[in-house]
Amino acid sequence: MAVDASDLQDIGSDGHDIVGKGSILDAFEEADEVKELIKSLKNIYTDQISVEIAVERFTVIVDNYQEQPHLLDPHLQCFLDELLALARDSDTPPALSHLAFKCMYLLTKSYLDVSDKSRDAAAYCLSKFLTRPDVKKEKLPAFLDWCLTVMTKADRETMPGMTVLSGVLSTLALLFKHGKREDLVSYAPVVLDRLSALTVTTTNNTILRKQNIKLIQRLGLTFVKARIATWRYQRGSRSLLDNLKKTQQSPADVSTVTQGDEDYDIPEEIEEVIDQLLIGLKDKDTVVRWSAAKGVGRITGRLPQELADQVVESVLELFSLSETDGAWHGGCLALAELGRRGLLLPERLPEVVPVVIKALGYDEKRGSYSVGAHVRDAACYVCWSFARAYEPDVLQSHVNDIANALIIATVFDREVNCRRAASAAFQENVGRQGTFPYGIDILTTADYFAVGNRTNTYLNISVYVAQYPEYTVALIDHLVKVKLNHWDGVIRELASKALHNLTPKAPEYMAKTVVPFLIPFATGIDLNYRHGSVFALAEITHALYNIALDNNKTVMDFLDKSSIEGLKNITVKMHEAKMFRGLSGEIMRPAVCKFIGKLSLSKLPYHDDSVTELWQTLLDDNIQFGHQFADQRIQDNALSALPSLCNEYYRQNNGLVKPGIQDKVISKYLSELKSKEETSKMGFALALGSLPKFMVAGKFTEVMSGLVQATHINQQDAAKMVEARRDAVKALTCLCTTMGVDSNGSPNHIICKDNILSLYEAYFLAMNDYTLDSRGDVGTWVREASMTGLYELTTMTVKADPNLISEHICKKVFCCLIQQSAEKIDRTRSHAGEILLRMLYFDDPPIPNVLHRDKLMTIFPRSDLKELNWGASSDTFPKITQALSCPTYRYSLLLGLTVSVGGLTESLVKHSSQSLLTYLRSLSNNQESMTTFADTVVMVFEEYQKVDRVSIPMLKMLDILLTNGCFEIFTQREEHFLPVKLLELCKKEIEKSGDPQKLLASIDVFCGLIVFSGVVRAKSLSQLMLFLCHKYPKVRKTTANKLYESLLTYDEIVDPEKLDDVLTILSETQWDEPVRDIRPIRNNLCDLMEIKKPIIKAGTKAKKTETKDEDEMASYKDLVTRLGY
């Protein structure tokens, strides 16, 4: 779009005309003119006036697109190719070559304000071009002046302003990098002044701040002459191979200043440069800090020793508690650069090493997280650079401190990148210094890959490293003083477990120093330290007990009386201070439960102390209300601590329970099983299951009855209590495992012939739990727990007395497992299938009375124990359907298959139905087998009449079987029982039903049944005619479509002369019209098909006549709602 006169009149004199023009440009319309200008260069380069006119025109055109250089992109390659051809041609006269480069320069400058990679290329091209000897005198001053003007006028509040400023800064940085010092030093002060006036450091644009630092450091390098500082520390050979070949370590060769300060020409501007770089070290972005650190290293190498030492002093001032994490990170990067370049003299190491060690452990908490990983990573880089920079004897006095700090970071840092960085730094020091204690041995275990797993480093690698005495105490102290107070609860728990594993390396130190140190913190005001200390005291005490047990001692031989008393008073003080309330209480509860359990296992002498009553109260409270908290470990830890408490403090020397304790505990737990609160029932059911044998002895029947009753479904709150029933089944299994089996035993003490049947009946009842709620089939939790219980009870009983497993029990067990192995939920199917095979191949001894054992073993060979993926329907159903040939399991298996074949998942339906059809095809010529199968189908349908979980899938399965002609063998016999029975059951199923899913599924079955002649066909067609006037339009339309397809398939159903009329009516009628309009059409169909017209019941006709269109829409709305749309 061209610029007209009115546009030019609007352009002011303030230099913003480009913006005004840029807003109206939408294409590069002068492309052809530019091409002609480039082509004309060969003809006009000798005519000065023509050259000036062409360059002026070229400049005007390019400047018009300064703000929209992307419009030049489609033509740029063509322009540059022609200009480069002129410049590169050896026959081109110098004047023409110069003119071509001038045009390229004008094009390139226009790309400094784009935001893509073109800007970087343009900056590099300009820097190289303007520093050419034949260009710098003529073009460099003008370009620098243009850059300073753009820097002054650029608006940093807008994106175009920041973009062009970034391009200019990048170009200047490259210009001062590639140019010669003597050519640029005169311009450097002006650029620095203008740059300082911009105050780019205050902008939020990271790229601008980075380019600012890069330019500042390049200016600084321009101010001082390039030289190698003679005062720097020189290690000598940096070859690792040469270092390893040395037989003796040569003394450090520290050079001194041989050149006086008068030889250095240090301008005043260098102070401003260093100040800006030090500010850059504290920037909030890593890329800026990294650039500033490199600038500090480069410029310091050109300064005299006195000034360089001041720079080092300024860098060390960054390591202050008042500074941000960014300043610590920048300081570490600067120290690494200085050390790597030999600018950090050995005299400074006593000040530097403690700072670096602090940085290796830097971790500043901020709310629910912390910052400091980047600081620790940079500190590892400092240690890595020291290994390469200094001779071993220079670092000798600091070796132990650095080695311990690096090992601690390697095994105990939270972040994997920090652990790996510390491992790499440790490896570098071992290789280049050779003075780290046991370095090679440690590296073989704590290598780069091994430290990738945090749990492995805490629990295994730390134990290996702690075997070397130089590291043992340091590792323990770090865990006790730092990690137990970490903001992350996972780290605190890992630290306590690590202390447990480290206790055998220094038991006396743990008992005499660590335990007394932690006891006050266990009841302190710092929540994190309190939580970590309680966990640690529990783990250390238990570890000391294990050590004492191995040495035929008691834990009291390690812990003094004050420590034992202090451990006892921890829970007392916490209870009195009400530390178990609120959010902090939620954090402390699992720790205290673990503490009680570990102290009970450690057999501390509190047997006749009232503290055990407090412990029981605390455990009961956490068992009852543990599920109300988000942390599941509260209840889990309480349940794991309960048997330890009972075993240690409730058992008498004769092995019996203390008087009064059993009745008190069991009565309370059984009464809570009747609670209306699900969480309470869950907790106490599991608590009963976790009780040791001596606590239940004499009350086994009472406890078992209570748990069995808790597994029963109460129809009023079936969905609400499903998790309680699951936990009751789990508890029953745990209780059975605890009590054992003795066929001749007392039912109050053990599982015997008098009570085993009631246990099995409880499991069988739980196998029928198909409770549904908003989460889906939650009853599967109960069924899975029941399957596990059946396996545990059966295998345990077989080992004790196989005669207790009757044929009835075994049959019922395998029927339940086979049914679940064929159902639709992958997880449940996998669980059932795995247990089925484990029981089938159980050999210690084999389970008796397994019906069809050989057939099952043929279907499922022993290799399937490991190889068969029960979760994959493509693997499972081809095998499980073969068990339909076993009469004992046919009903249960078909029940499970029905749910899968009539399911919703495409892959499940596909593989289950294909497997069933394959099996039935193998029976197609065997009428007896098919009759048996049909009988079973009818039995399942009858048994689960009006049970939507089975009946709807049954209708879908029947449709598949009928569609695939599986029952064609019965069409030869008129009035065969199967179609008659199926018709009867289908009609009963949909009677008074408003479920659209069921109605739609039944339509397919009725259409499939018309293949049978006689009464079945007539009644099926009559039912379909009723559906054509159903209140749901969806049902009417589906019926018409399905009937149309069936009549096309079975052409003998309707008189051929009338078939076309019937099909026309079915296909062309709008079946979603009101019923009163549809009924005459339906009746006409009945006449054509010679079917008796449906008769409206008395009292219904008037009602339907009065039905309004709104009623039709209401029924349709009802249908949509039911379908879930």
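Student: Why is Y529 called buried in this predicted model?
Tutor: Y529 has a relative accessible area of 7%. Buried means under 20%. So Y529 counts as buried.

Student: How many aromatic pairs does a search of the whole structure find?
Tutor: The search finds 21. One of them is F386 with Y390.

Student: What makes F386 and Y390 an aromatic pair, and why is the pair called edge-to-face?
Tutor: The ring centres are 5.5 Å apart. The cut-off is 6.5 Å, so the rings pair. Their planes make an angle of 75°. Over 60 degrees counts as edge-to-face, and the name follows.

Student: How do you know that F386 and Y390 are buried?
Tutor: F386 has 2% relative accessibility. Y390 has 1%. Both values are under 20%, so both residues count as buried.

Student: Why is the pair of F521 and Y529 called stacked?
Tutor: The planes of F521 and Y529 are 25° apart. Stacked needs under 30 degrees, so the term applies. The centres lie 4.3 Å apart, within the 6.5 Å limit.

Student: Is F521 buried or exposed, or in between?
Tutor: In between. F521 has a relative accessible area of 31%.

Student: Which residues do ring pairs link into a cluster?
Tutor: Y233, F386 and Y390.

Student: What makes R949 a charge over the ring of Y770?
Tutor: The charged end of R949 sits 3.5 Å from the ring centre. The distance limit is 6 Å, so R949 meets it. R838 lies over the face of Y791, at 4.2 Å from the ring centre.

Student: Which residues of α22 are buried, and what follows the helix?
Tutor: The buried residues include C418, R419, F426, E428 and R432. G434 follows α22, with a positive phi near 70°.

Student: How many salt bridges does the structure hold?
Tutor: The structure holds 44.

Student: What makes D285 and R209 a salt bridge?
Tutor: The closest N and O atoms of D285 and R209 are 2.2 Å apart. The limit is 4 Å, so the pair qualifies.

Student: Where in the chain do D285 and R209 lie?
Tutor: D285 is in the loop between α14 and α15, and R209 is in helix α12.

Student: Why do D285 and R209 get their accessibility labels?
Tutor: D285 has 22%, between 20% and 50%, so D285 is partly exposed. R209 has 3%, under 20%, so R209 is buried.

Student: How far apart are K981 and E984 along helix α49?
Tutor: They are three residues apart, which means about one helical turn. An α-helix has 3.6 residues a turn, so residues three or four places apart point the same way. The side chains of K981 and E984 meet in a salt bridge at 4.0 Å, N to O.

Student: Which residues are linked in a network of salt bridges?
Tutor: E723, R726, D727, D773 and R775.

Methods:
Residues are numbered from 1 along each chain as its sequence is written. This is a predicted model: local features need pLDDT of at least 70, side-chain atom pairs count only at pLDDT 80 or more; totals for chains, interfaces and linings use all residues. Side-chain values use heavy atoms; hydrogens and water are left out. Rings of Phe, Tyr and Trp (its six-membered ring) pair if their centres lie within 6.5 Å; planes under 30 degrees apart count as stacked, over 60 as edge-to-face and the rest as tilted. Buried means under 20% relative accessible area, exposed over 50%, partly exposed in between (1.4 Å probe, protein chains only). A charge sits over a ring if NZ of Lys or CZ of Arg is within 6 Å of the ring centre and within 35 degrees of the ring normal. Helices (H or I, at least four residues) and strands (E, at least two) are DSSP runs, numbered from the N terminus.
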